[in-house]
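Thanks for coming. I will go through one model today, from the overall make-up down to single residues. Please have the sequence and the structure open.

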Amino acid sequence: MDWHGLCSSLQHGLQAQLQSSSKQLRLALKSPLIWGSEQSLPVAGLDALSGQSVLYGLRNSLSEAPETIDAWLHALQLAQVASDRLLAALWDAQRNLKFWRSRLSAGSHGSFMLLERGPVGFVTDLLDAFKLQGSGVAASDRIEERIVALQLLSTQLAEVLAAVHNAAALLQLGSIDAAAAEAAAAAGRQPALQRAVHAAVSQCLAAIAAALQPLGQHSTQLQKQKSAGSRRLHKGGIYQTLASSIVYRASEQPAAAAAQQQAARSAGSASLQQLQQQLAAVQQLLGLQGDTLELLARSTRRGDAGSALAAASRLAAQQGSLVAVPAWALMPSSLQRHWIKASVAAALTLSAGVFLIKHSRLAGSTDLDDWVKAAAATAKGAWMEHVVDPMLAVKDELLDTFRSRPSIVSSSEFEADKESLLRMLSEFMRDHPEAPATAAAASPAAAANGSSSSSSSVPGNVESLLDSDAVNRGMAVVMACYENDLKRPIRSLVSGELARTLLIQVQRLKLDTEAAMLELDQILRANELSISLVAAIPGLLLSWGLVRGLWLLLLAPRPPDPRREALPCRLAMAELERALQQQLLQFGSCAAAEGLVLHKLARVFREARAVYRLKDSSSRYSEWPHLQADLLSLVAPGVPAASKLDLLTRMMRTYALLQP
């Protein structure tokens, strides 16, 4: 048995299986079901709805030519990919152009070009300064060079974008709708309809290829400026490139128009094989190959235009911009603009790290541990001193106020005065044995009422009850003598017991007053927690208000502001209006102005879609379906700029999203 051959075959089989699995995994990871992206601007107004309508008509009319339908759908995908990638490139160019224009108007050009373009730019500028010995180009001219290069790139991208949209308009097949209806009625006209579809697809692909071909040459010319840098400016530099590019485009446009006319004349005989070759040529210009093409093919097998356009938009988002901004014209990043501060911070961090390692256990030192313990002890002491102790003091102040408050009358004083009253009453009763025996029972109700206060002032035990009864009986005798002496007040005041009975009553009044004060102290002690909480209510309300304010200010999520959310869309509409006015001033014949209008329109579409993504976008009260239809009307090629401006004015007046 050939074990070597068997092992070799198993190895090749495993490798093939692993390659197949990895390929399927890459396709799955690129699938639109996993990675989400924003809905892009439909090319030439062919969104999922209108594209599905055309696709449905083709399937009913060309049921026996599925290859032609697949070619049309694939051409639509390539046009969408080209449009999205051109819009991304134009967005990058416009963003960098806006930055350099702001820097030119801000001033301090020399310090910015020297100190805010990163360490590499700093060293390069220093070397150039030493080599040129003061004969270099001014910093403002170097910024102007970048502005001119980005303007040139934006113009080229806008022209190509307009050409792609005009070419994609051929895929709407508006000129063969009658032929399609006639073919649906009579199956014998299918070859003529098929030739018409071939012609439209062939013209579209030829126009896209003719628009994309000079774009790579222009990008290469701008990238070559990197090696020359600012030293080329006074020798021609970017201005020479600009002039040569304008001349090249002026000479290229008639040739491209002639090529398109030739393709249109020969499109009637365009075969399916020629369409496949044109598709391959456009794919090569777009840089699509391998897994990306298989992803597009898988999306077309689903049979609907929405999935195909979504896959094309997703692929364009993954591929990025079609033309990169030259590296020397890119705006510096935030780190490059603040590289001096970042270098100082990095140096300080490195020094701090070396210092900590030197005093840590890694170097055999316990200084770091000692510092940590000392810092923890200091923090704990500060916490106890400034937080815990004040809170405990507040708690003691609230809860111990009534416990530590000295009483005006103590229980011992009350008992002493009560015993004194009992002795007074007992001596008075002993000195007046002749008092009538019925004196004690003469006023039992008064005695009972008089004893209520004294009996309630002490704990309710048997001894206190006996003392209260003795006081009541003695006071009854005193009051009886007092009533008898009042009949002869002057004689009783001199030789009687009127003064003594008055003093005994004063002692009884004092005893009742002390009993009331002791009872009030008991009531206060029983309710000291409630009174403390009432006293703490202002502080608690103030603390709650402070915490609530901090929560609403820092932590609580703020509700969305409709006016703030709609502001980017309104600003984008203002930019679109300016672009349309610029196109109208150029009599609508400039392809660059038309491309810039498409760029501004793509931003409006993206901002409006972002607003309605989390809102009502499908009910009868939603503005999004009507707004989307008007935006697609603005995308459609061939509409005059004046009509687009009128439609834009009506949109600004109609939709609440676009009103301030």
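Of the 660 residues in the protein, 36% are buried. Buried means under 20% relative accessible area, exposed means over 50%, and partly exposed is in between, with a 1.4 Å probe and protein chains only. This is a predicted model, in which local features need pLDDT of at least 70, side-chain atom pairs count only at pLDDT 80 or more, and totals for chains, interfaces and linings use all residues. Residues are numbered from 1 along each chain as its sequence is written, and side-chain values use heavy atoms, with hydrogens and water left out.

The protein has 27 helices and zero strands. Both are DSSP runs numbered from the N terminus: helices are H or I with at least four residues, strands are E with at least two. Contact means heavy atoms within 4.5 Å. Among contacts between residues at least 6 apart in sequence, 82% join residues at least 24 apart.

Now the cores. A nonpolar core is a set of buried Ala, Val, Leu, Ile, Met, Phe, Trp, Tyr and Cys residues joined through side-chain atoms within 4.5 Å. The largest has 100 residues, and Trp-72 and Leu-627 have the most contacts inside it. Helix H3 gives the largest share of this core, 18 residues. A second, separate core has 14 residues, among them Phe-414, Leu-421, Leu-425 and Val-471.

What does Leu-627 touch, leaving aside neighbours within four places in sequence? Its contacts are Ala-608, Tyr-612, Met-651, Tyr-655, Leu-657 and Leu-658.

Leu-627 is one of the buried residues of helix H26, along with Trp-624, Gln-628, Asp-630, Leu-631, Leu-632, Leu-634 and Val-635. H26 has 12 residues and reaches 16 Å from its first C-alpha to its last, close to the 16 Å expected at 1.5 Å a residue. The expected span is 1.5 Å times one less than the number of residues. The cover over the buried residues of H26 includes helix H6 (139-168), H24, H25 and H27.

That brings us to H27, residues 641-654. Its 14 residues should span 20 Å, and its end C-alpha atoms are 20 Å apart, which agrees. Buried in H27 are Ala-641, Lys-644, Leu-645, Leu-647, Leu-648 and Met-651. They cover an arc of only 160° around the axis, so they lie on the same side of H27; the arc is that of the directions from the helix axis to the C-beta atoms. On the face turned away from that buried side are the exposed residues Asp-646 and Arg-653. Helix H24 (562-585) and helix H26 (624-635) are included in what covers the buried residues of H27.

Next, the rings. Rings of Phe, Tyr and Trp (its six-membered ring) pair if their centres lie within 6.5 Å; planes under 30 degrees apart count as stacked, over 60 as edge-to-face and the rest as tilted. The whole structure has seven aromatic pairs. Trp-100 and Phe-112 form an edge-to-face pair, 5.9 Å centre to centre with 80° between the planes. Trp-100 is in helix H3 (residues 66-106) and Phe-112 in helix H4 (residues 109-115), 12 residues apart. Both Trp-100 and Phe-112 are buried.

Phe-605 and Trp-624 have ring centres 5.9 Å apart and planes at 55°, so this pair is tilted. Phe-605 is in helix H25 (residues 591-612) and Trp-624 in helix H26, 19 residues apart. Phe-605 is buried, at 0% relative accessible area, and Trp-624 counts as buried at 5%.

Back to the other pair: ring pairs link Phe-99, Trp-100 and Phe-112 into a cluster. Charges sit there too, meaning that NZ of Lys or CZ of Arg is within 6 Å of the ring centre and within 35 degrees of the ring normal. The charged end of Arg-103 sits over the ring of Phe-112, 4.2 Å from its centre. Arg-146 lies over the face of Trp-100, 5.3 Å from the ring centre.

Where is Glu-497 found? Glu-497 is in the loop between helix H21 (489-495) and helix H22 (498-526). Glu-497 is partly exposed, with a relative accessible area of 25%. Not counting residues up to four places away in sequence, Glu-497 touches Phe-428, His-432, Asp-485 and Ser-492. The C-alpha atoms of Glu-497 and Phe-428 are separated by 9.5 Å, and the two are 69 residues apart along the chain.
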